[in-house]
Amino acid sequence: MTATHNYRWLMSEYDATWHCFPSSQVDDPARRFLEASCNHSVPVSKVLDAEPRKLCPDCLLSFGKLLLNDWPRGSSH
Ligand SMILES: [Zn+2]
């Protein structure tokens, strides 16, 4: 389990852009709004789980940082 597994890319119908949302929010049935890494907030009914086509640059940056943290360093294989 790595940090990036705790996030899901979902499309916001507000801006037709895929944002990075914490899985804990996405999987919580009691939540009515989701808040992306870039602070974009969207009602649960307005997010779409589809193949990403246009990624939010701010979310991409946050996700990229997580990815770098997960990257194995100093290994030679
Ligand atoms: Zn975003």
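This is a predicted model: local features need pLDDT of at least 70, side-chain atom pairs count only at pLDDT 80 or more; totals for chains, interfaces and linings use all residues.
How many helices and strands does the chain have? The chain has two helices and five strands; helices (H or I, at least four residues) and strands (E, at least two) are DSSP runs, numbered from the N terminus.

Residues are numbered from 1 along each chain as its sequence is written.

**View 1. Welcome to the whole chain.** The C-alpha trace spans about 45 × 25 × 20 Å along its principal axes. Mean pLDDT (the predictor's confidence in each residue, from 0 to 100) is 91 for the chain, with 94% of residues at 70 or more. Among the elements, strand β3 (residues 33-35) has the highest mean pLDDT (98), and helix α2 (residues 57-70) has the lowest (92).

**View 2. Here is the sheet of three strands.** The open sheet has the strand order β2-β1-β5, with antiparallel pairing. Its edge strands, β2 and β5 (47-48), each pair on one side only. Two strands pair if DSSP finds at least two bridges between them. Six bridges link β1 with β2, and two join β1 to β5.

**View 3. Now for the turn of the hairpin.** Four residues separate β1 and β2 in this hairpin. A16 lies in the loop between the two strands, and its phi is near 50 degrees, a positive value in a residue other than glycine. Most residues other than glycine have a negative phi. Is A16 buried or exposed? A16 counts as exposed because it has 10 C-beta neighbours inside 10 Å; the cut-off for exposed is 12 or fewer other C-beta atoms within 10 Å, buried needs 20 or more, partly exposed lies in between, and C-beta atoms are placed from the backbone.

**View 4. Meet M11 and its surroundings.** M11 lies in strand β1 (residues 7-12), and its bridge partner in β5 is L48. M11 is buried because 22 other C-beta atoms lie within 10 Å. Leaving out residues up to four places away in sequence, M11 touches A16, T17, W18, V47, L48 and A50; a contact means that the C-beta atoms of two residues, placed from the backbone, lie within 7 Å. V42 is 31 residues from M11 in sequence, while their C-alpha atoms are 9.8 Å apart.

**View 5. Step into the largest nonpolar core.** A nonpolar core is a set of buried Ala, Val, Leu, Ile, Met, Phe, Trp, Tyr and Cys residues joined through C-beta atoms within 7 Å. The largest one has eleven residues, among them L10, M11, W18, F21 and V47. Strands β1 and β2 (17-22) each supply at least two residues of this core. Beyond its neighbours within four places in sequence, L10 has contacts including W18, F21, V26 and V47.

**View 6. Finally, visit the loop at N39.** You will find N39 in the loop between β3 and β4 (41-43). N39 is not a glycine, yet its phi is positive, near 75 degrees. N39 counts as exposed because it has 9 C-beta neighbours inside 10 Å.
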